[in-house]
Amino acid sequence: MKPVIALIGRPNVGKSTLFNRLTRTRDALVADLPGLTRDRHYGEGRVGERPFLVIDTGGFEPVAKEGIMHEMAKQTKQAVAEADVVIFLVDGRQGLTPHDKTITDFLRKSGRSVMLVVNKAEGMRYTSVAADFYELGLGDPYVISSAHGDGVTDLVEEALNIAYASRPDEPEENLDAAKGIKIAIVGRPNVGKSTLVNTLLGEERVIAFDMPGTTRDSIEIPFERDGQQYTLIDTAGIRRRGKVFEAIEKFSVVKTLQSVSEANVVLLLLDAQQDISEQDAHIAGFILESGRALVVGVNKWDGLQSDRRDEIKMDIERKLNFLTFAKFHFISALKSTGIAPLMKSIDSAYEAAMANLSTPKLTRALIEAVEHQQPKRKGSIRPKMRYAHQGGQNPPIIVIHGNALDAIGDVYKRYLEKHFRETFNLTGTPLRIEMRSGK
Ligand code: GDP
Ligand code: GDP
């Protein structure tokens, strides 16, 4: 499991600046998709070989009793409870405020490991910036500048040391040993995740139910179906009781993120007997952000009237229209219908996510696209795309080289994406396009 770092602090101390630096926010994710509920608060980062998840908790008002601030405080509390380390950010230019003290009290009660971090300290002396904050009783403050990057790498390394030290029994990464396609099943409570897992495993040959090395909460189940191997990884929201899986009532963003980030393909379950909720859209949003391949299962399709079926299809089209790359399946986990085609889509989404795209083929596809339609000039500047190579898998990243590529707009990027998708049959996976301009 990747360690989880939560960023907390009052508004304007620089949390999102730090968040963006830690996650190096991937603007390459093809443009802003219309309708996408962008949840910029969750992301993945990496220092050296060590990956981690980071949560930006937004503005925190621990005393709010109701309304949006109360809701945010609730989510912040959950994030803190589930984090391995909390980075508590304060503003070195503004100095200590009463609000910082309130947050300190809350964090102390939470019992988490807290790192007190003074931000906006570029060009300032350690002693003078730090002095103000000893009063909080959280030890020597770390001093950084999120905007300039000073001290940020050291800070994260220290955070990860603390995180790993707090879970000494766990191997840092054993998932690469997992067999076949790694699947995470996610969705809000009650959509049918545990029912589906039981259905899948009941039908299939479970290779080894008890794998050595699986830890307390973690579920890692290899199974085989029609000659294809899969590993069901740490599916958030369900727990194992004997040979059967059952639902956990509480929805955990952090656990969902963790399972998504460790999967090759995410199976997002929706409940056809309910409307698509904001929570569904949020989950879909961060699956997209994570870059993992995606298949959507619209569950509980059994026993629905046909007008309800039409209704839910329209609801999906309206609210999840940013998931155009994913295949949707209408299934019943309970009655075990629609499962075989669903698994086929998982296979092909995996293949697409892992595709090997050679430079000559990509370049040919690029030239075709440009011949068919040139990017617009921007003033007197005409962007010139020269060649493309593959920069990564799961998701496939296509790096386009040329001149003045900054001038290429979102609409044209979407056009390119569509062209690459069609040319290389990339269904089921997000696709990232990066532009690299020479001088
Ligand atoms: P958040 O509300 O805690 O997420 O804060 P933001 O990241 O939005 O930052 C609030 C303001 O502080 C913005 O104007 C940032 O540009 C600025 N800021 C963030 N980090 C630094 C820093 O390291 N140094 C300076 N001077 N300003 C910063
Ligand atoms: P989870 O919280 O996502 O793990 O959801 P569960 O698997 O516990 O399912 C929640 C409820 O929905 C249970 O009462 C299930 O029996 C029911 N359910 C799950 N799948 C289906 C389905 O395909 N059809 C119908 N009608 N009910 C289902």
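This is a predicted model: local features need pLDDT of at least 70, side-chain atom pairs count only at pLDDT 80 or more; totals for chains, interfaces and linings use all residues.
You'll find asparagine 425 in the loop between helix H12 (410–424) and S18.

Asparagine 190 is another non-glycine with a positive phi, here about 80°. Its loop is the one between strand S7 (181–186) and helix H6 (193–203). As for surroundings, asparagine 190 has 18 C-beta neighbours inside 10 Å and therefore counts as partly exposed.

## The overall picture

Zooming out, the protein has 12 helices and 18 strands. It runs to 439 residues, and 40% of them are buried. Take the contacts with a separation of 6 or more: 74% of those are between residues 24 or more positions apart.

Let's start with the six-stranded sheet. It is open, with mixed pairing, and the strand order is S2-S3-S1-S4-S5-S6. Strand S2 (42–47) and strand S6 (142–143) sit at the edges with a single partner strand each, so each has one side without a neighbour in the sheet.

Inside this sheet, strand S1 (residues 4–8) runs parallel to strand S3 (residues 50–56), and four bridges pair them. To pick out a position on S3, look for leucine 53, which has valine 4 opposite. H1 packs on the sheet and touches S1, S2, S3, strand S4 (85–91) and strand S5 (113–119). The direction of H1 makes about 155° with that of S3.

## Around ligand 1

H1 turns up again at the ligand. Which element gives the largest share of the shell around ligand 1? That would be helix H1 (residues 15–23), with three residues.

The shell has 14 residues, and the ones that come nearest to ligand 1 are Gly14, Lys15, Ser16, Thr17 and Ala147. Sorted by class, the shell around ligand 1 comes out as eight polar, three nonpolar and three charged residues.

Is strand S13 (residues 265–271) mostly buried or exposed? Six of its seven residues are buried, so S13 is largely enclosed by the rest of the structure.

S13 has parallel pairings to look at. S7 and S13 run parallel and are joined by four bridges, with isoleucine 183 having valine 265 in S13 as its bridge partner. S13 also runs parallel to strand S14 (residues 293–299), this time over seven bridges. On that side, leucine 268 stands opposite valine 296 in S14.

## H7 against H8

A pair of packed helices is described by the angle between their axes and the distance between those axes. For helix H7 (residues 253–262) and helix H8 (residues 278–290), the angle is about 35° and the axes are 10 Å apart. The crossing of H7 past H8 is right-handed.

Which residues make the contact? From H7 come Thr256, Leu257, Val260 and Ser261, and these meet Ile283, Phe286, Ile287 and Ser290 in H8. By class, the contact of H7 with H8 has five nonpolar residues, three polar ones and no charged ones.

## The three-stranded sheet

Finally, there's an open sheet of three strands in the order S16-S17-S18, with mixed pairing. Strand S16 (384–392) and strand S18 (432–437) are the edge strands, each pairing on one side only. From one strand to the next, the twist averages 25°.

Strand S17 (residues 397–403) pairs with S18 in the parallel sense over six bridges. Glycine 402 has serine 437 of S18 opposite. Helix H11 (residues 359–372) packs on the sheet, where it touches S16 and S17, and its direction makes about 140° with that of S16.

The peptide bond from asparagine 394 to proline 395 is cis, with omega near 10°.

Notes: Residues are numbered from 1 along each chain as its sequence is written. Chains are lettered from A and ligands numbered from 1 in the order in which they are written. A residue is near a molecule or strand if its C-beta atom, placed from the backbone, lies within 6 Å of it. Helices (H or I, at least four residues) and strands (E, at least two) are DSSP runs, numbered from the N terminus. Ala, Val, Leu, Ile, Met, Phe, Trp, Tyr, Cys and Pro count as nonpolar, Asp, Glu, Lys and Arg as charged, and the others, Gly among them, as polar. Two strands pair if DSSP finds at least two bridges between them. Axes are lines fitted to C-alpha atoms, for helices over the stretch in contact, and angles run from 0 to 180 degrees between N-to-C directions. Two residues are in contact if their C-beta atoms, placed from the backbone, lie within 7 Å. A residue is buried if 20 or more other C-beta atoms lie within 10 Å of its own, exposed if 12 or fewer, and partly exposed in between; C-beta atoms are placed from the backbone. A crossing is left-handed if the near helix is turned anticlockwise from the far one by less than a right angle, and right-handed if clockwise.
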